[in-house]
Amino acid sequence: MSFLAPWAGVIAAALTVPLLVSLYFLKLRRKPIAVPSTLLWRKSIQDLQVNAPFQRIRNNLLLWLQLLVLALLLIAMARPTQRAAVEPGQRLVIAIDHSASMNTRDAASGQTRLEEAKERALALIDSFETGKASEGGVMVVSFAERATVVQSFTNDRRQLRAAVRGIAATDQRGRIEPALGLISPHAATAAADDDDRTGLSVVILSDGRVHRDGGDDLALSGATLVFERLGTPATANVGIVSASARRDYENPERVAVFARLTHTGAAAQAANVTLRVDGRAVRTKAVELPAAAPGNSVSPESTPVPGTVPVPSGAAASVGSVGDGVVTFNLDLTGGATLEITHDRDDALPVDNTARLQLLPAQQLRVLLVTAGNRYLREAIRAAGARSVEVATPAQFEGMPPEAVRDGDGGRAGFDVVVFDRYSPAGLPLVGTLSFGGTVPVEGFTVRPSADDAPERQAVLTWQRDHPLMRYVVLDDVLLRRPGRLTVPADGRVLAVGLAGPLVAEVRRDGLRHVAVSFDVLESRWPHHWSFQVFMVNALETLGLGAAGGVDAASGGGGASLSYQTGQTATVPVSSETGTIGYDGPRRLSATVRGGRASLPMFERVGFYDADGDNLASPFDRLAVNLLDPLESDVRPAARLEIGSSAGPSVAAAEGARRREVWPWFAWGALGLLVVEWVVYTQRMRV
Amino acid sequence: MANSSTLQPDTLLTPEFMHQLDRLDVRSRKMLRGTVQGERRSKKRGASVEFADYRNYVVGDDLRRIDWNLYARLDKLFLRLFMEEEDLSVSLVLDSTASMDYGEPRKLTYAKQMTAALGYIALTHYNRLNLYSFTDTVTGTAEGMRGRRPIPRMVDWLNQQQPVPGGGNLAAVCKRLAMLNQRPGVVVLISDFFDKGDLAAALRYLAGDRYDVYAIQLLSPQEVDPTKGGVVGDLKLTDLEDGDVAEVSISAALLKKYRANLEAYCQHVRETCTKRGLSYMTATTDVAVELVVLKYLRERGLLG
């Protein structure tokens, strides 16, 4: 609270307070009366006999009440103001982050950040003047992986409070775009309206640990953004940000379990990492985590943090790098198993202390290569760990029924992946496909020959490094000769881009991935580059497991294992064609089976989800869900949340100078106390 | 209590009241030694007609008291003893300090009426009556009255008693009384007991076997409820005796406190008297004197 006219109040106080107190010092003019003895009166009022012109000040309730009334009036006179989240007359949107990092328990009161955010939201709702009919009211939005309008614009405080209290914690990533997407139509309406009184204020209650999907600038024109930062900058957290298990290509029963830990504390930290197999601890390794650097460097390269821009200096914490360490366990496991990787540091955010993986039984993929003859590719597939590679000509392939390709016939086992070399099949196969110089028949997914005027040699300009297919793939030195022009449907995803357009793209149909590469591998230097083999390994693992049951390889399972991240959805194969399935876990999940598959809702909490019935085959009878997000595990709150550089300074996280005068409250308070003082006086003087 | 007094403030006794008083006598709880023969039973054996006891004859006894009939039967000499009857000394002590000049009716007038009634009773029964008035010391005395003849003198003396300005000093008064009145007897102390000194120390002089003391505390209705006396508002209260000033703002809380203090003070006086073996009673001046004398003092055992 601050004052607009503090000196007026001080001067008035200097004049009136001594006056009031002196009135209590002065004696009354009293009527003389004779009594037989003052003995009893003196006993009744021991201190009435005063010979001095002033009497000793007594602890008088009336004096205190009058002083309080005077104090309230003086404060009102000094024109107190309160920082208002919202200009009077504006509409307010409260966006509450309920992502995983908001579960950090680092508030002074022992609350989590989400609980604190909810309290602040309730305070905002209380301070918002909802009484006026001309105002648009308050809207409450919660966001994590997705954003939800938990309460649309209303003036009903009871509804708003219930909506805020109803926001539950999740272990998902925080993404700001969906929330802004929900808010922007209202902002646009507010901007279009010339009347200032219907402006829109957006208060984002978050720790600033939010993901930005693309590089696109986000702007909310016409809205005033306030970022209320939650969390303590010094909060230390040790989190497992990546975990995978891989089987050795030569020796499939040998499993390498890999975990990466990050540490945000200012001091170096040692942690013991324990690996449990089916609940039994089998290995413990110590890992040294260096101190996190509170500098200007942005978070690790693999996970750029576009939403946060550090402030070079100032009271707020700046985001620095984290201290990280890697731990690897090697063990022999032939069959499937449940792996749990846990560290023993008791920190503010418990959800990232454990990573869970479902290790798949040792198996290698069966791949069908459809080619007119490409020995290079066949050897590459074989080297990528495929159990068997069968080669078919395009004509032979067209002769196979699609079901036979998937399930096998006549004693021949089905295929997990089909690789097309310079051939576009007539029908969409029922397994995942990888096409070089061609595409599967999906609407809008084609490869056309290179334009005549296109340069003969082209390099790869950029690629999606975080996509599971492109993980550890480096295309810097790869030269291509006349790559085809790849068109990608709207729901497709471009994985690599060259001068002439997309080079590698992925579309998903019926839970299956179909990847197309726009050029012939033999027309490039890629096969000579080590990254080609990495790409093939990634592709076969991702596509093969996808064929096995819609496993999202983006979960980071590492090929030999299955796990999901919060915020993902899973499609699982079910033995029955119809019905429903259910999973018991931190949250109850259920889904309807359609065509032998069931799509589960988005995972909200980490943990194991165990299937109810027995119509789910291993490994889908138990789903492992992890956070595994470096940005969420770095619980140091971001100093600034920058929403769109183009929006200018009005969008910055500056705390606005909006102030609301609150002197009427004090005036009313003084009036109320005056009434109380009058009642007390009359009570006393009544004989 | 009904204000049924037939006594006017300027009248001490009326014939009807005196007629009622004739039937009463002053009683003492103690058997006190008198000076001359009277109507009171004495501890001494004496010459009354009432037989008391026998005792063995010893040489030198009065031969007239030997019971010769007994000697004839037992052949031993016994003396017959008779009860002795003596007079009773009754001292009435009247407070004439300024504080008694207060109330409606005035406490001093009420005290005079009560003294006149008690004195009348004492004189009609041939008791020895002493009257004392006091402020800070004993200011007036009328001693040695006996029989009906001094009644006008008693009334004259009472009429002469006026409130005297100045503070009281009960301790000095009691000490002086004990020195003046050395004869055993009944002492009736009529006062408001508004004394700023040590009450227990004062009453110590009257305690003991010598006196049978009755302390009668007089209060006016205006003292019991100050609002009846116009004590309302912001006031400067002046003590009638010593001119002490107390400034008060009358409020319900203060009045409540005052009443509690008054009750506590009366209780203090009562306890002090009881501890010293004194009889205590309180009377407010709105109760008729006749009622107090004929009923309450009889109940207390002073009259009978």
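In which sense, parallel or antiparallel, do strand β7 and β8 of chain A pair, and over how many bridges? I began my notes with that one. The model I am reading is predicted. I found that β7(A), residues 200-206, pairs with β8(A) in the parallel sense over 7 bridges. I looked up one pair of partners too: I204(A) has F227(A) as its bridge partner in β8(A).

**The sheet around them.** I traced an open sheet of 5 strands in chain A, in the order β6-β5-β4-β7-β8, with mixed pairing. I see β6 (147-154) and β8 (223-229) of chain A at the edges; each has a single partner strand, so one side of each is left without a neighbour in the sheet. On average, neighbouring strands here are turned by 15° against each other, direction ignored.

**Helices on the sheet.** I checked α4(A), residues 113-127, and it packs on the sheet, touching β4, β5, β7 and β8 of chain A. Its direction makes about 170° with that of β4(A). Then I turned to α5(A), residues 157-165, which lies across β5 and β6 of chain A and runs at about 170° to β6(A).

**Chain A as a whole.** I noted 12 helices and 35 strands. Of its 687 residues, 44% count as buried.

**Where chain A meets chain B.** I found 24 residues of chain A in contact with 36 residues of chain B. On the chain A side, α2(A) gives the largest share, 6 residues. That side divides into 14 nonpolar, 4 polar and 6 charged residues. I also followed β2(A) across to β8(B), residues 234-239: the two pair in the parallel sense over 5 bridges. There, P32(A) has K236(B) as its bridge partner.

How values were computed. Residues are numbered from 1 along each chain as its sequence is written. Chains are lettered from A and ligands numbered from 1 in the order in which they are written. This is a predicted model: local features need pLDDT of at least 70, side-chain atom pairs count only at pLDDT 80 or more; totals for chains, interfaces and linings use all residues. Two residues are in contact if their C-beta atoms, placed from the backbone, lie within 7 Å. Helices (H or I, at least four residues) and strands (E, at least two) are DSSP runs, numbered from the N terminus. Ala, Val, Leu, Ile, Met, Phe, Trp, Tyr, Cys and Pro count as nonpolar, Asp, Glu, Lys and Arg as charged, and the others, Gly among them, as polar. Two strands pair if DSSP finds at least two bridges between them. A residue is buried if 20 or more other C-beta atoms lie within 10 Å of its own, exposed if 12 or fewer, and partly exposed in between; C-beta atoms are placed from the backbone. Axes are lines fitted to C-alpha atoms, for helices over the stretch in contact, and angles run from 0 to 180 degrees between N-to-C directions.
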